[in-house]
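My notebook is open and I want to look up a few spots one by one. Here is what I'm working from.

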Amino acid sequence: MNENCYLCINNISYTHMTFQQNIRSSVLAGICIGIAGFGYLADEKGIVGAVLFAFGLLTVVNYGLKLYTGTAGFIKKGEVGQLFLILGGNIVGCLLVALMLRCSPMNLQEIAQKILEGRLAVGPLKGGVLAIGCGFIMTTAVTFARQGNFLPLLFGVPLFILCGFPHCVADAFYYLCVPVDFLAENCLSVLGFYAAIVVGNFIGCNLYRLIWKD
C-alpha cells in the first residue's frame, strides 16, 4: 500500500468528525457496501460475488469511511450513540443503491428475496449468534488494514459470506432490494431479525475487548 493511502486511513479514521461529516461518511460507506452487494446478487453462484464483495470494504477502509461494523470494535465509552447515527447513514446509502438496483434488467429482486427468506428461516436468535462471527472477522480485518495489511480483509469478507454470517449493513441492502409487498408482509419478522444481527455484530466486533481486555 502506498504512503498516501496509509496516511488517508490514519488521518480520517482516527480523527474526530463533525456531525455533518459523520453523516456524509456513513452514507458513502453504505453506498460502497450497496454496490458490493449489487455485485454479489449479480453473481448467482455466489463464490465470485463473495470475493468481489471485498471491494466495498476495501473502499471503506481506504477512505476511512464510517461503517457500523468497521467502527463498533473501536468505539470508546460514551460514544455508543454515535453507532446508531452511523448505522442510519449506512442504511440510507444502501437505500440509494437499492433504488438503482430496481432499474436493472437482471432478476436481482428475487435473489434478494431468497436471501431474506433464508435469514427469516434461521430466526433471530440463531441469526444473532451467527452475526457474532461476522463482527469478529470485521474487527480483525479492519485492524490489519489500518496497519497497511489488506490480506485479512480480502480473505475475511468472502469468509463471513460463505459461512452465512450476517453483516447488518449488507443485509440492510438485501432487504431494501426485496419486492415491497413481501417486505411489508414480513415487516415485524424482518425488524426482529435485523435487531438481533445488529447486536450480534456489535458483540463480535468487541470480542477482543471482552475476552482479552489488554
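**Starting point.** I looked up Tyr174, and at 4% relative accessibility it counts as buried (buried means under 20% relative accessible area, exposed over 50%, partly exposed in between, with a 1.4 Å probe and protein chains only). I'm noting that this is a predicted model, where local features need pLDDT of at least 70, side-chain atom pairs count only at pLDDT 80 or more, and totals for chains, interfaces and linings use all residues. Residues are numbered from 1 along each chain as its sequence is written, and side-chain values use heavy atoms, with hydrogens and water left out.

**Aromatic rings.** Rings of Phe, Tyr and Trp (its six-membered ring) pair if their centres lie within 6.5 Å; planes under 30 degrees apart are stacked, over 60 edge-to-face, and the rest tilted. By this rule I get 4 aromatic pairs. How far apart are the ring centres of Tyr40 and Tyr174? They are 6.0 Å apart with planes at 45°, so I call this pair tilted. Tyr40 belongs to helix H2 (residues 19-42) and Tyr174 to helix H10 (residues 168-177), so the pair ties together parts 134 residues apart in sequence. For helices I use DSSP runs (H or I, at least four residues), numbered from the N terminus. Tyr40 is buried, at 19% relative accessible area. Ring pairs also link Tyr40, Phe173 and Tyr174 into a cluster.

**Another ring pair.** Tyr175 is buried at 5% relative accessibility, and Tyr194 is buried at 13%. Their ring centres are 6.0 Å apart and the planes sit at 75°, so this pair is edge-to-face. Tyr175 is in helix H10 and Tyr194 in helix H12 (residues 187-205), so parts 19 residues apart in sequence get tied together.

**Two helices.** Next I checked helix H8 (residues 124-146) against helix H9 (residues 151-162): their axes come within 9 Å and cross at roughly 170°. (Axes are lines fitted to C-alpha atoms over the stretch in contact, and angles run from 0 to 180 degrees between N-to-C directions.) That makes H8 roughly antiparallel to H9, a label for angles over 145 degrees. Among the residues making the contact are Met138 and Phe144 of H8 and Leu153 and Phe160 of H9; contact means heavy atoms within 4.5 Å.

Thr59 sits in helix H4 (residues 54-63). Is Thr59 buried or exposed? It counts as buried, at 16% relative accessibility. Not counting residues up to four places away in sequence, Thr59 touches Cys32 and Leu65.

Key. Angles under 35 degrees count as roughly parallel, over 145 as roughly antiparallel, 65 to 115 as roughly perpendicular and the rest as oblique.
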